[in-house]
Amino acid sequence: MSMINYASREINCKLVYYGPGLGGKTTNLEHVYNKVAPGSRGKMISLATETERTLFFDFLPVDLGTIRGFKVKFHLYTVPGQVYYNASRKLILKGVDGVVFVADSQIERMDANIEAMQNLYENMTQHGYDLTKIPFAIQYNKRDLPNAAPISELQAALNPGWPVTDPMKQRPLPDPYHDAEFLVAQEDGHWVERAPYFEAVALTGDGVFDTLKGISKNVVKTLG
Amino acid sequence: MSGASSWSFREEDAKRIQTILSGFLGESNARTALIVDRTGQMVATVGEAPAFDPTAFASLTAADFSANDQLARMLGESEFGALFHQGERESMYLADIARRVILVVLFDNRTTLGLVKLRVKAAVTQLTQVFIDMFNRDGTNAPGVESEFLGEAEDEIDKLFGA
């Protein structure tokens, strides 16, 4: 957690939307901006090129209201997806409290997804953060397209899981968002944990708030 | 530390910072001094209340400073300890504090860059000590949030983002 300001009674949480170029990160934020009550959100800032590609970041503050005397705010950021913008992408991760990886479901974008995921792990490590220990969710976007890969393939490629070494956590943990699926499970004798995932069509808004709710609840849990 | 390093900002910290910055504003004739943390959050504002959106301002300041940090490294410098943006009427001067927060000074033609730079040095030294004390303290006895906080926060998330 970044900062609790006891003087101004504010808690700010930083959520970063990460993923390959043209995957729908900015579209997620735009949908949130359009649907959240104007009194609960600030101005959306986009540092974009003339062709509307994110150059540095998009930023949208969302106000959760006052809880137990603290004003709680989520600061939503996107990073530029294009490979050559890594320097600015890495900067935005500084002080991150939760990460949403927005994957492009189209089969043709599988390599771009994998490359962006590896880049996320590398940049987090360089900041000294461990992605398996902070709130992290994956959104499979563009589920409406005919060339969308099956979820099982996307999961195998992007969310294969990481080993659970803590004996206290080595027990089945049902996935609250998908029946008969597990976030922690034993596979081939080994305990494995996966990030929660969400299906979305960001253009129409499907799944956008499910993802945001999921990640923000996990971030709030880290405050306790 | 698995995630971002945490720190808390208390009433007494705010008072120390307020005292240092009020003194600095008086001596330099600058309008407003702001403290922004490097992750893009506003920590404190002293002096004339700014007319702009402070949240947006803080996120852009942090990005500005971080981008310039990287430019410094490309030139073989470890950092640019300070930045200056000059406008026709309004200007801003930014200085690093303890590598964790940024002091932003807003000033107009009632003063000069030279005077701001001259006076800011002492303020930076004092603020650095305040923040080093603050970071060293944290993790030991941070008060934390009340136990009911979590449930109420989840309810608010459902309300705001749709149940």
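**Terms and their grounds**

Reply: Arg9(A) lies in the loop between strand 1 (3-5) and strand 2 (10-18) of chain A. The model is a predicted one, and Arg9(A) has a positive phi of about 55° although it is not a glycine.

Me: Why is Arg9(A) called partly exposed?

Reply: The term covers relative accessible areas between the buried limit of 20% and the exposed limit of 50%. Arg9(A) has 35% relative accessibility and therefore counts as partly exposed.

Me: Where is Gln170(A) found, and which residues does Gln170(A) touch?

Reply: Gln170(A) belongs to the loop between strand 8 (162-163) and strand 9 (173-174) of chain A. Leaving aside residues up to four places away in sequence, Gln170(A) touches Val164(A), Thr165(A) and Trp191(A). From Leu93(A), Gln170(A) is separated by 77 residues in sequence and by 29 Å in space, C-alpha to C-alpha.

Me: How do you know whether His75(A) is buried or exposed?

Reply: Buried means under 20% relative accessible area. His75(A) has 4%, so it counts as buried. The residue is in strand 5 (residues 70-78) of chain A. Its contacts, not counting residues up to four places away in sequence, are Asn12(A), Cys13(A), Lys14(A), Leu15(A), Phe59(A), Leu60(A), Pro61(A), Gly40(B), Gln41(B) and Thr55(B).

Me: What makes Ser40(A) a buried residue, and which residues does Ser40(A) touch?

Reply: The relative accessible area of Ser40(A) is 17%, and the limit for buried is under 20%; Ser40(A) is therefore buried. Ser40(A) is found in the loop between helix 1 (25-35) and strand 3 (45-48) of chain A. With residues up to four places away in sequence left out, Ser40(A) touches Pro61(A), Val62(A), Asp63(A) and Leu160(B).

Me: Why are helix 1 of chain A and helix 5 of chain A called roughly perpendicular?

Reply: Two packed helices are described by the angle between their axes and the distance between the axes. Here the angle is about 95° and the axes are 10 Å apart. Angles of 65 to 115 degrees count as roughly perpendicular, and the two helices are therefore described in that way. Asn28(A), His31(A), Val32(A) and Lys35(A) in helix 1 meet Val208(A), Phe209(A) and Leu212(A) in helix 5. By class, this contact has 4 nonpolar, 2 polar and 1 charged residues.

Me: How do you know the relative direction of helix 5 of chain A and helix 4 of chain B?

Reply: The axes of helix 5 (residues 208-221) of chain A and helix 4 (residues 149-161) of chain B come within 10 Å and cross at roughly 165°. Angles over 145 degrees count as roughly antiparallel, and this pair is therefore roughly antiparallel. The crossing of helix 5 of chain A and helix 4 of chain B is right-handed. Among the residues that meet are Phe209(A), Leu212(A) and Lys213(A) on one side, and Ala153(B), Ile157(B) and Phe161(B) on the other. The contact divides into 8 nonpolar, 1 polar and 5 charged residues.

Me: Why is Lys213(A) called buried, and what does its side chain reach?

Reply: Lys213(A), which is in helix 5 of chain A, has a relative accessible area of 13%. Buried means under 20%, so Lys213(A) is buried. Its side chain reaches the backbone oxygen of Gly162(B) at 2.5 Å. A polar contact requires N or O atoms within 3.5 Å, and the distance of 2.5 Å meets that limit.

Note on methods
Residues numbered from 1 in each chain as written. Chains lettered and ligands numbered in written order. Predicted model: local features only at pLDDT ≥ 70, side-chain atom pairs only at ≥ 80, totals over all residues. Heavy atoms only, no water. Axes fitted to C-alpha atoms, helices over the stretch in contact; angles between N-to-C directions. Helix = DSSP H or I, 4+ residues; strand = E, 2+ residues; numbered from the N terminus. Parallel < 35°, antiparallel > 145°, perpendicular 65-115°, else oblique. Left-handed = near helix turned anticlockwise from the far one by under 90°. Contact = heavy atoms within 4.5 Å. Nonpolar A, V, L, I, M, F, W, Y, C, P; charged D, E, K, R; others polar. Buried < 20%, exposed > 50% of the residue type's maximum accessible area, 1.4 Å probe, protein only. Polar contact = N/O pair within 3.5 Å; in protein donor to acceptor, adjacent residues only side chain to side chain.
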